[in-house]
Amino acid sequence: MEEYKFIGKSAIRVDGKEKVSGAALYTDDLEFGPDLLYAEIVEGPHAHAMILSIDTSEAEKVPEVLAVVTGKDFPYNFGLYMKDRFIFAQDRVRFFGEQIAAVVARTPQAAKKAAKLVKVSYAPLPKVLSPIDAVKKNADLIHPDLENYEHVPWFFPKPKSNIAHHRKIRKGNVDQGFKDADYVLEDTYEVPRYSHCAIEYHAAVAKYDHSGRLTVWASSQSPHTQRNLFANALAPLGLKHNDVRVIAPHVGGGFGSKAGVTMEIIAAAVAMKVQGHPVKVLWNREREFYNTYQRLGVVAKLKIGVKKDGRITALHHELFWDAGAYVEYGANVVNAVGLSAIGPYKVENASIDSYCIYTNLPPGGPYRGFGYSEFLFGLESHMDRIAKHLGIDPIEIRRRNAIKEGDLTAYGAHMNPNGLLQAIDAVEKEIKWSEKLKSSNPDIAIGKGFSLFWKAPAMPPNASSSCFLKMNEDASINLLVSGMDLGQGFLTVMAQIAAEILSVPTSKIRTENPDTDRNPYEWQTVASHITWGCGNAVKKAAIDARDQIFDLIARTNFLPKDMLYLEDEKVKCKSDPSFELALRDFVINGIQMEDGTFKGGPIIGRGSFMPEYTSTNANPETSQGGHPNVHYTVGAAAAIIEIDKQTGKVKVKKIVEAVDCGKALNPSLVDGQIVGGIMQGISTVLYEDMKFDHRGKMLNPNFTDYKIPTALDVPDEIIPIIIEVAQPDGPFGARGMGEHTMIPVAPMIANAIDNALGIRIKTMPITAEKICLEILKKEKE
Amino acid sequence: MAIPYEFGYEKPLTLEEAIQLLGKHGKNARVLAGGTDLANEVKQGFRVPEVLIDIKGIDSLRKIEIIDDRLHIGALVTFNEILESKAVQDNAYILYEAAGLVASNGVRNRATMVGNICSAVACMDSAAPLLVHDATIHCLSVDGQRDVTVQKWFVDNRKTAIGEKELVTHVSIPIPKLKYAGAYQKMMRYSGEDLSQANVGVLLFSDGKCNVAFGSVGPIPKRSPKLEAFIKEKGINSQSIADAKEMISKIIAPITDVRATKEYRMHMTKVMFERAINTAVERLKKPKLITKK
Amino acid sequence: MKKISFTLNGELRYIYVAPNEGLLEVLRDKMGVKSPKCGCDSGDCGACTVILNGKTVRSCLIFAIEVDGQDILTLEGISKDGLTPLQTALNERNAYQCGYCAPGMILSVTELIKKNPHPSEHEIKESIAGNLCRCTGYKPVIDAVLEVTKKH
């Protein structure tokens, strides 16, 4: 194994001191001076209604109000993958709380007062609050213009329906596969909507100055994508891409919620109407819940056929996604799952129908796991049930079916190298799977559960990353990238990559969150692709800088270029051990020759990366033929839980999770992702419970009643395990693992509950109440 | 959040000053102690007063003391001060137990027990302990002192027997002559900070008398004389507890809301009753009543 | 508007406030102290935690006018003389991720270890149970606190 000096080391976060000292500034912390204006939103109180009229005259009279804007001011569609969204509602509202108008005023108080005076009259329309209702015959259409929306070529909307996209897999002979099966299990699983719950609200400040420059400061996972969408949506107002600048300070948690564009476009648009003034749009906790993305809900019908030995002969997975009122981003969740809903298994005969369905609920969008948590809840529950029926150990059945390198995925591409079997073995051993646990307290039941997971980045085939690397006089480095450090430690890892190539310690590499004017292009910080994608760009930039260094030394010192190497911030030469030259001696000012002239110039590395083997060109009826995903990251997890049989309360005693990240560039940060992801997974399965009333209004948009765990809810023991089967095209073999860590948790806990109580729960969340009522039901029977 | 409502602020430094202000402003004033409920209500535009009367300058309200066999807890005593008080631990352990389950440390540093029973939100934690201890709420106004028993204090959800011009100065709890032990059980959705979805307080005396109070399972928390008489008559054994749990079905009428269904609340109240009474029995057996956490 | 004064991170400050101004907004918007954050505005998340007269409180549930004559400490005040051993341990263990909850949580632990220099794991959890964090799963924070407070 190659020895690295910086890679694979648990370097301290480059933003660590800022964050523990209180110095870190987030969007709402920035100062914009006394001219800062505040926008307040007017929200619609209907899940589905036509807007008959909007009267802003009273609001405009409120002192200190500068502007009141409505949908009429911005009759533009926008969206990431499908342009079905509007800055403000146009002729109709499609979810409860949708933005109708905004008031811009000198103070938040004045804006609030005025917003209450905007009079809107509505004609309510029948609302559709479930995906199953939305696909019924004669269901009311939420987007009658669906067929006219622009969208990416890999979406297949069904005109005059509520189906915005249908991803279809047909592989092998499914009918024959079920005929060949010794046992077929068919059931339905339901996973409701969830909220990201980043502790920082969405925040955006925009200023359209008198020179025609639009600058937006936003809490963002996607500065360049935001720039692109702002420029496209506001092009009718005369904006070009280079007129738009997005500056992204620290982000107080994303988890997908700050990807793409949601409320930020309100700031950008409103700023165009109050030229010269910065305008702040700050969301609040309630809106964080009902007017940003939510994780999509799904009703998943799953049928799997197996031989007696547990080998899968056929799989049919039908997923009805509650994608909400606008699916410009969420439809790609549906697509990603459509491609991957066989799970990490070798399945010769598979059919998948993944339907993206409009409902009159808040827009569904990206959320850590991007649909994989949702379908794996059913799939991994199903695998356990099949194992139980066949009398096979739940781990063994997974081992027998586990996908291996070179096996065909659902869309017919070859599976990448992976450590799935190693992960299974490691988890089995660490959790002491074969050891029988018995409770000494008759009121407490003990159970063990297991689950596999996999996930691929869901990206356009040409999603790309780039990097500028600037060397400074003292050989310190400014590394310019446009990925976002959402807390995962991206910036630290990028610094480690550059450090490894250039032999400059991480502490001398400054890398910060981006400004789209200064930092080169990055698609988005989503999909767990950034370590891999941007890491490749950084590595290329560092190699580019190193090449420039070696070229210069070869030219000035007449040394063979291929004999040069870097060590301890010095250039050295294998064929001339007496030669060494410190980087700081020449990376800016060049090298002086005998005649007094200088050669060289500032060393500036450049790297860009795009996977050149991906393609979405495939037969839409089968999805065979393309290569939509770059690779999958896989892993396994197991849990030991205790259940209070009288109250239904679950105590998680121990969780072990192994993830194959190819190469752990920074093991401490990998562990951080595993522990944090597990906790988020525990939260979704045991605690978080989003409630809507009959009007489609969310009833618990607050932390008082939408419970995310506290320190008192942490499992007694969490054991992260790192598996490293290198990703051939990853930087130092790395592949992403940030989202993955929460994916196995829900089915694993459901399996442990079944193991403890003999009760199979097929709907999430699995709250204490649900478990308790099931126990009572079982006792009655 | 910027508060778009305006109001005045007064900070009396003596009780006399405070009740004069209350006498003047009456229902247009709100008394501010810890403010943890009040600030939220005002931000939401709910019960916005003309004037806030901040009583934190009146030091005499900050005391926990024992006077004539009664434990006095002043209006400014926070939940964390209750947790740190040996007098409370020694004489009203159940109140100590409940205080430890109120919100989280940062809230308990500020929130007061008296504020809790004045807000009188159905999910409050202080009510059941005070009910089983037959506490008295002491009110003061320009018209004089008025004492209200805790049984008559709660009128409806968020509504108490307090008069418009009255200030609660303190709550007092009689220290029983008999040996006694109590236990508090709270239904929460997880181990962390949560509002009670149901709670049960039990106070058991060496003569077999048993006080039982139920909270968060109706608009107001309440004692159940019927259940108490039953336990006193039958004693505490597995049969009487089972029968008592059956009786609870008719005593409380929980509702279904965003936090829990009525079925689960009912079931949990019975489970908690059983656990509370068993805990109280165990505690009563101990030579000293105090069980440190 | 009323003129009030209070000690903020060791410095006596004067400011005019109206009764309806919250302490969190006044600290952040009028006094430039940005470490207390807003995460729920209802006392649930603890991001706005400050130390008032030695005790952690929710600055979103306090009117600025209430702190006249009192003493407030925020993470800026704690960091004034360099990182404390607690902050150093948190930093070295990469305990935080997005860092948004860090100021509030660090103040909660600071209050705890002042009272109780060698807390148990449960006491540590209890002290930060009112500081919600969505990134870390709390464990790296708890481990760092255990390390820095263990008896030598």
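Biologist: Which residues of H4(C) are buried?

Modeller: This is a predicted model, in which local features need pLDDT of at least 70, side-chain atom pairs count only at pLDDT 80 or more, and totals for chains, interfaces and linings use all residues. Residues are numbered from 1 along each chain as its sequence is written, with chains lettered from A and ligands numbered from 1 in the order written. A residue is buried if 20 or more other C-beta atoms, placed from the backbone, lie within 10 Å of its own. In H4(C), the buried residues are C:Ala102, C:Pro103, C:Gly104, C:Met105, C:Ile106, C:Leu107, C:Ser108, C:Val109, C:Thr110, C:Glu111 and C:Leu112.

Biologist: How far apart are the end C-alpha atoms of helix H4 of chain C?

Modeller: Helices are DSSP runs (H or I, at least four residues) and strands are E runs of at least two, numbered from the N terminus. The expected span is 1.5 Å times one less than the number of residues, so the 14 residues 102–115 of H4(C) should span 20 Å. The end C-alpha atoms agree with that, at 20 Å.

Biologist: Which helix gives the most to the side of chain C that touches chain A?

Modeller: Residues are in contact if their C-beta atoms, placed from the backbone, lie within 7 Å, and 43 residues of chain C are in contact with 44 of chain A. H2 (75–79), H3 (85–92), H4, H5 (121–128) and H6 (139–149) of chain C each supply at least two residues of that side. With 4 residues, the most comes from H3(C).

Biologist: Within chain A, how many residues does domain 3 give to the contact with domain 1?

Modeller: Domain bounds come from an automatic or database assignment, which here gives domain 1 (28–125 + 207–267), domain 2 (297–459 + 616–780) and domain 3 (464–609). The C-alpha centres of domains 1 and 3 of chain A lie 40 Å apart. Domain 1 of chain A brings 18 residues to the contact, and domain 3 of chain A brings 15.

Biologist: What is the bridge partner of A:Ala637?

Modeller: Strands of a sheet pair through backbone hydrogen bonds, either parallel or antiparallel. For A:Ala637, the partner lies in E29(A) and is A:Glu657.

Methods
Two residues are in contact if their C-beta atoms, placed from the backbone, lie within 7 Å. A residue is buried if 20 or more other C-beta atoms lie within 10 Å of its own, exposed if 12 or fewer, and partly exposed in between; C-beta atoms are placed from the backbone. Two strands pair if DSSP finds at least two bridges between them.
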